[in-house]
Structure formats: C-alpha cells, structure tokens
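Hi everyone, thanks for coming along.

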Amino acid sequence: MQEVLFGYKLNPTTWAYISALMMIGVYFKFHRFWSVRNLDLVALISFSPGLLLLYYGLLRQSPELMKAWGVVPGDPALSAHLIRTGYVWLFSVGGFFFIRLLLDPMMVRRPLLEPNLSASGLTFTGAALLVFLMTNVITCPPERLEFLLAKQGPAEVRSPGFAPLYQLADVADRAMLPVDPAKPETHHVTPTLAAETHAVTILAHLALVIGMLWIGLRHFDNIHTGVAAATLYLLTFSTSQLTSQVEQVVPAMLLLWAVAAYRRPLVAGLLLGLAGGLIYYPLFLLPLWLGFYWWRGAVRFGVGVVVSLALLVVTLAIYAPEAGAFLDNVQLMFGWRNPFAIKATGIWQFWRAEYRIPVVALFGVISLGLAIWPPHKNLGTLLSCSAAVMLATQFWHADQGGLCVAWYLPLLILTIFRPNLEDRVALSAVRPAWGRRRKG
C-alpha cells in the first residue's frame, strides 16, 4: 500500500486498536448494555490479543524484521512462550463461541438491533475496507501475521484436502517472501502465477461479501443486516491479518453460498461437496445437513455432494496421472490417514498427541449427534451448527490449528445478526422433487 499512499504504514497493534474501536462505535448497543449482541462483539474483539501474541512471538524469530521494527531481541524461550500463549488464547475464545453457537437454537427472542451507522455509511465503510484489504493481497506487506507464517515454511505433512489448493496456497506464501540470492530456487514464483493466485483470492473475497449481502436480502429480509454483517467481517482483525490465505477464504465462500442456496438441495450439495473436497473438514457437516433436509431434499443434496467429490477426484487424476501420486492425493483429500501420527504445528506442538484422542472422539459424537439434535431444524440451526462444527475442527486441526478463523467467521457473524428463522424449515422452504411435483 506504500506504493499507492506515500508513507502509509499500519502495524498490527495499531490496526487491532482501530478495528476494536470501530466495531464498538458502529455495532455496540449502549442502550442495551447486557444484550447478547454486545457479548458477541466483545468476544469477536477478543481474538485480537491471541493473534497479536502469535505475531510478536513469530516476529522475534525473524532477526531482519526485528531490526526493521525496532523489536528488542529476546531468547527463544520467550518467543515460544508468546506463541503458546497466543494459541491458548485463541482456543479459549473459540471454546466460548463453540458453546454460544450450540446454544443459539434455544435463543428464540431475537430483537432487531440495527448498527449505529446508517446503511449508506456502512456501505461506504465496507467498500473502503474491501479495497484496502484486496490491495494488501496484491502488495503482501510484511507487517501482517500471514507474512510471518509464510516465513516458517510449509508444514512437513499438509492438512487433509485437495492437493492443488494447497499448492496454490504455497504459491501465495512464497510470493510474500523476498528472493534469497543464496537460494533462488526456493522462490520460483513467476509473476503470472502470483497474479493468478491473487486473482483467485480477491474473487473469493468478493463472492463471500456478495453472499453475505444476498443472505441478508433474501433470507433475513433486511439488506441493512447483510451490509452490517459483511462490513463486520471485513473489519475484524483476523480478516486483515489473514487476507491472502486462499486455503481459508475459498472453502469459506463455498460454505457460505451453500447456506445461501439452501432452498435448492442439489446446488447446496454441490457447493458443500466442493468445500469438503478442498479442505476435508466440511464433510463432517453432512449429518447436520442431511438431518435438516430429511425427506424433503436429502437425496438431491446427497447427489450434489457425490457429484462434486467425483469431479474433484477426476481433477486429481488429470493433475497427477501417475497411479501412486493419484492414490496418495485421493487419500489425502478424504483424510485417510492417522491424525495422531503427523507432526503438529499449532498448539499441539506444545501438548502431548495423546490428548487429541478424546477431543477427536467428542468431535465425532457431536457431529453425528447434530443429525438428530435439535429435532426441528431451520435455517438458523443450519447457520449456527455449521459454524460450530467448523469451529470445533480447530481444536484438533494439526496444521496451525486455531488460525483457520475464516472457515467459520462468516457463518458466525451471520448467526450473530440473524433474526428468528423458525419458519425457514425444509418442508416449507424446499420445493419437492420434480417427479413428486408432477405426480401431485
């Protein structure tokens, strides 16, 4: 951004304060101090200290950036302590939101609490934030957390998911780093490939913002609510620090549009299947969504998921035609591996791997239990429980678990703003299959 605005430089701590003050000024309801909305807003702001602890812990491991930013060198033990504390902080805030999302279907009274800023002011603020964030995707400034994460290098064993997507993510990571004259082969990113990666990330962000506006207009019957939700997403500190993470924003966009297309089970299944094939974890949403559709659209939804996964498998066959590489990529896409045998890079690098066993077991029980609870599911249940499942994956995700905030943040924000949606059930919102309509 310094190439566009002379002297522009905004370090993460300053932006954390500015975003927190703007979120409070625009969304905090001072005349309803003890409202759940205010509690959710404070919890969203609470992500910032954890991310800042991670940032400064990683910064102390980079001597050249320490010199540029004027950070006093410290011992490695202090850096490890800051990183560990940051992950624990993120896990604590995530635990609060997980309980909050599971209890959300019980909150029947949902008064309309509009933002303190008008719709036109929110629209201008959201558009300005979008321009600045997308410029950061292209310029890749070194004062963001994702720049320091890229300097750590790729994980020894990648997360389960679609191999080409993570290859694209590696391209985005290497594009942030300066070329090392001693090892030029480690930075073989052509300008064309970097531009294509940036274009995918920017288009995914645009589609995500449009999806939040669409849900506000079509499903919440209030475009002002959609604008408020989209602006809050762009205003959060995690979005500004992890803007270029293509492996986060693309699956998040697909999950959001699956919710937007819930009235068409086939389309929703196609989108959810694509998201599940890309990062594997949305496949744990299948019990919840099948329980939502049940006799009205479950078959069409399942067909859409199967078609998407089949298309991704065919793409892998074209991407890696060798039999061995193809089978390895398919196994990785469906998560066919021992989750406890890989080297963790997040909070689990500080804890024993055996402690993940009860966490994974509890996660499986909750994911399967959402097929039957709550018994009467509506669009609000779909929003909150989908966000809860994607948030719960962060508790056992081995590759920097806790930092994939974008997987659930748009759904979480829409859950915070949503009205009462008890009438948006599959029986009334989803049209019968074509054969049944003809028979009727």
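Let's begin with Gln 394, which sits in the loop between α18 (379-392) and α19 (409-417). Keep in mind that this is a predicted model. Is Gln 394 buried or exposed? Its relative accessibility is 4%, and buried means under 20%, so Gln 394 counts as buried. Its side chain reaches the backbone nitrogen of Cys 404, at 3.1 Å. If we set aside neighbours within four places in sequence, the residues in contact with Gln 394 are Phe 91, Gly 401, Gly 402, Leu 403, Cys 404, Trp 407 and Tyr 408.

Now over to a pair of helices. α8, residues 163-176, packs against α12, residues 246-260, with the axes 9 Å apart and an angle of about 135°. On the α8 side, the contact is made by Leu 165, Tyr 166, Leu 168 and Ala 169, while α12 brings Val 246, Glu 247 and Pro 251. Sorted by class, that gives six nonpolar residues, one charged and no polar ones.

On to the core. The largest nonpolar core has 130 residues, and those with the most contacts inside it are Tyr 27, Leu 44, Leu 145, Met 212, Trp 289, Tyr 293 and Ile 413. Our helix α12 turns up again here: it supplies the largest share of this core, 11 residues.

Finally, a look at Tyr 27. Beyond its neighbours within four places in sequence, Tyr 27 is in contact with residues including Leu 41, Pro 115, Leu 122, Leu 232 and Phe 417.

Notes:
Residues are numbered from 1 along each chain as its sequence is written. This is a predicted model: local features need pLDDT of at least 70, side-chain atom pairs count only at pLDDT 80 or more; totals for chains, interfaces and linings use all residues. Side-chain values use heavy atoms; hydrogens and water are left out. Helices (H or I, at least four residues) and strands (E, at least two) are DSSP runs, numbered from the N terminus. Buried means under 20% relative accessible area, exposed over 50%, partly exposed in between (1.4 Å probe, protein chains only). A polar contact is a pair of N or O atoms within 3.5 Å; within protein, one must be able to donate a hydrogen and the other to accept it, and residues adjacent in sequence count only if both atoms are side-chain atoms. Contact means heavy atoms within 4.5 Å. Axes are lines fitted to C-alpha atoms, for helices over the stretch in contact, and angles run from 0 to 180 degrees between N-to-C directions. Ala, Val, Leu, Ile, Met, Phe, Trp, Tyr, Cys and Pro count as nonpolar, Asp, Glu, Lys and Arg as charged, and the others, Gly among them, as polar. A nonpolar core is a set of buried Ala, Val, Leu, Ile, Met, Phe, Trp, Tyr and Cys residues joined through side-chain atoms within 4.5 Å.
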